[in-house]
Amino acid sequence: MRKNFDPKKTVVTPLPVLIIGTYDENGTPNAMNVAWGGQCSEYHVAINIGHVRKTRDNIHLKKAFTVSFATKDTVVAADYVGIVSGLKEPKLIEKAGWHAEKATMIDAPIFKELPLTLECKFLREEETPEGEIRIVGEVVNMSADECILDEKGNVDLSKLQPIVFDSAALAYRVVGEKVGNAFKDGTQLK
Ligand SMILES: Cc1cc2nc3c(=O)[nH]c(=O)nc-3n(C[C@H](O)[C@H](O)[C@H](O)COP(=O)(O)O)c2cc1C
């Protein structure tokens, strides 16, 4: 037996916990938690963003943003930047305890406490017929702290320990064990 649910209670998993970093007109860094977003082609990311967001204003101003990945060690601060708006108060060093430094290729902040970051140039904002706002960015750089690299110098997700948003339980879960090899395991059924 399968149970049917209200379409507004849709569970899509995994939803990421993306932290979007931006600067305002005074160079004050801001961070925001985004679950409705991700990589949409080789060099592009897209995020669905509410109409009233400090992050949206900052992206319009600086034409740039960073995308970092919340981790097991940064759950509390990641949730905090998802429930308090920079329109009301500065929310980084003061509360989240994150420290910002300017990204190398764009005018947006990297947070030292988040070890993996994409630097994105603002490409366009789209409004869907349903009234949703979607921001598309071009990834121009990715940087990773050495602490999450493997012996070959590649990003090791077991060291990063990214978290995902569990919309069914309103919880955060850590990305788990490796269970297969992409583009390879299926070949045994060919
Ligand atoms: C788990 C979680 C996921 C969220 N996902 C989104 C999202 O995809 N899009 C969005 O606009 N807001 C999302 N939010 C809400 C924003 O993070 C929140 O409104 C934040 O305070 C906006 O910050 P800002 O005004 O400083 O940009 C999410 C919040 C949480 C806790």
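**Figure 1. Secondary-structure elements around the largest pocket of the predicted model.** Strand 1 (15–16), strand 3 (29–34), strand 5 (44–49), helix 1 (54–62) and helix 2 (75–83) each contribute at least two residues to the lining of the largest pocket in this model, which is predicted. The volume of this pocket is about 820 Å³, and its lining comprises 36 residues, of which N33, V34, A35, W36 and R53 lie nearest the centre. Sorted by class, the lining of the largest pocket holds 18 nonpolar, twelve polar and six charged residues.

**Figure 2. The second largest pocket and its lining.** The second largest pocket contains about 260 Å³ of space and is lined by 15 residues, with P16, F69, L157, P162 and V175 lying nearest its centre. Strand 1, helix 4 (157–160) and strand 11 (163–166) each supply at least two residues of this lining, and strand 1 likewise supplies at least two residues to the lining of the largest pocket. By class, the lining of the second largest pocket consists of 14 nonpolar residues and one polar residue, with no charged residues.

**Figure 3. Helix 1 and the strands against which its buried residues pack.** In helix 1, the buried residues are K54, T55, R56, N58 and I59, a set that includes charged side chains by the class of K54 and R56. These buried residues pack against strand 2 (18–23), strand 3, strand 5, strand 6 (64–69), strand 9 (116–127) and strand 10 (133–144). Of these partners, strand 3 and strand 5 also supply at least two residues each to the lining of the largest pocket, as does helix 1. After helix 1 comes K63, whose phi is positive, near 55°.

Figure 4. Setting aside residues up to four places away in sequence, L18 touches M32, N33, V34, G37, G38, I47, V67, S68 and F69. M32 is 14 residues from L18 along the chain, and the C-alpha atoms of the two are separated by 8.0 Å. Among the residues that L18 touches, N33 and V34 are named with those nearest the centre of the largest pocket, whereas F69 is named with those nearest the centre of the second largest pocket.

Figure 5. A100 lies in strand 7 (residues 100–102) and counts as partly exposed because its relative accessibility is 29%. Leaving out neighbours within four places in sequence, A100 is in contact with P29, P109, I110 and F111. T28 and A100 are 72 residues apart along the chain, with 9.3 Å separating their C-alpha atoms.

**Figure 6. The whole chain, as context for the close-up views.** The predicted chain has four helices and twelve strands, and its C-alpha trace spans about 55 × 45 × 30 Å along the principal axes. A compact globule of 190 residues would have a radius of gyration near 16 Å, and the 17 Å of the chain therefore agrees with that expectation. Of the 190 residues, 37% count as buried, while the accessible surface comes to about 11,900 Å², of which 53% belongs to carbon and sulfur atoms. Among contacts in the chain with a separation of 6 or more, 58% are accounted for by residues 24 or more positions apart.

Technical notes
Residues are numbered from 1 along each chain as its sequence is written. This is a predicted model: local features need pLDDT of at least 70, side-chain atom pairs count only at pLDDT 80 or more; totals for chains, interfaces and linings use all residues. Side-chain values use heavy atoms; hydrogens and water are left out. On a 1 Å grid over the protein atoms alone, a cavity is a set of points where a 1.4 Å probe fits but cannot get out, and a pocket is an open set with protein on both sides within 12 Å along at least five of seven lines; lining residues have an atom within 4 Å of a point. Grid points are joined across faces, edges and corners, and a volume is the space filled by probe spheres set on the points. The radius of gyration is taken over C-alpha atoms; the globule rule is 2.2 Å times the number of residues to the power 0.38. Buried means under 20% relative accessible area, exposed over 50%, partly exposed in between (1.4 Å probe, protein chains only). Contact means heavy atoms within 4.5 Å. Accessible areas come from the Shrake-Rupley method with a 1.4 Å probe; for residues, only the protein chains shown count as cover.
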